[in-house]
Amino acid sequence: QVQLVESGGGLVQPGGSLRLSCAASGSIFSSRDIMYWYRQAPGKEREWVATITQGPSTNYADSVKGRFTISKDNAEKTVYLQMNSLKPEDTAVYYCRRRTTWPNVGDYWGQGTQVTVSS
């Protein structure tokens, strides 16, 4: 069973920065894994934020492009989300997601970490 442990959330002023971390445990962290960040604000649907794949290649939602950066460290089994120039509309619970193909096909979610952007 794969466990994703998130950290780095908190309260930050508009224009500030945070770095979220999501560490995988309980299984091999393969370079073939696809890692994602999602977020969900109260009363809104969960939305996709960013993806990183084997290459590594990355992709971002238009709302965060140019401000957020997703990265990973395979040796540390950790994926990161660097968030700069934060806006109040970035306030949400942020979730990491891991999709695996080896040794088994899987789809795993972290518990979520709260990010609040407010003056």
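View 1. Strands are DSSP runs of E with at least two residues, numbered from the N terminus. This is a predicted model, in which local features need pLDDT of at least 70 and side-chain atom pairs count only at pLDDT 80 or more, whereas totals for chains, interfaces and linings use all residues. Residues are numbered from 1 along each chain as its sequence is written, and side-chain values use heavy atoms, with hydrogens and water left out.

**View 2. The open sheet that contains β1.** Four strands, in the order β1-β3-β8-β7, form an open sheet with antiparallel pairing, two strands being taken as paired if DSSP finds at least two bridges between them. Because β1 (3-7) and β7 stand at the edges, each with a single partner strand, one side of each is left without a neighbour in the sheet. From one strand to the next the twist averages 15°, with axes fitted as lines to C-alpha atoms and angles running from 0 to 180 degrees between N-to-C directions. β1 and β3 run antiparallel and are joined by five bridges, and E6 has C22 in β3 as its bridge partner. β7 and β8 also pair in the antiparallel sense, over six bridges, and the bridge partner of T69 in β8 is Q82.

**View 3. The largest nonpolar core.** The largest nonpolar core holds 27 residues, of which W37, F68, I70, L81, M83 and Y94 touch the most other members; such a core is a set of buried Ala, Val, Leu, Ile, Met, Phe, Trp, Tyr and Cys residues joined through side-chain atoms within 4.5 Å. Two or more residues of this core come from each of β3 (18-25), β4 (34-40), β5 (47-52), β7 (68-73), β8 (78-83), β9 (92-100) and β11 (113-117). With four residues, β3 gives the most to this core. In soluble globular proteins, nonpolar side chains tend to be buried together.

View 4. Y36 lies in strand β4 and, at 10% relative accessibility, counts as buried. When residues up to four places away in sequence are not counted, Y36 touches W48, A50, T51, Y95, C96, R97 and R99, contact meaning heavy atoms within 4.5 Å. One of these residues, R97, is 61 residues from Y36 in sequence, yet the two are 5.0 Å apart in space, C-alpha to C-alpha.

View 5. G55 and P56 are joined by a cis peptide bond with omega about 0°, and P56 lies in the loop between β5 and β6 (58-60). W102 and P103 are likewise joined by a cis peptide bond, with omega about 0°, and P103 lies in the loop between β9 and β10 (106-109).

View 6. S85, in the loop between β8 and β9, is a residue other than glycine with a positive phi near 50°, and S85 is partly exposed, with a relative accessible area of 42%.

Note on methods. Buried means under 20% relative accessible area, exposed over 50%, partly exposed in between (1.4 Å probe, protein chains only).
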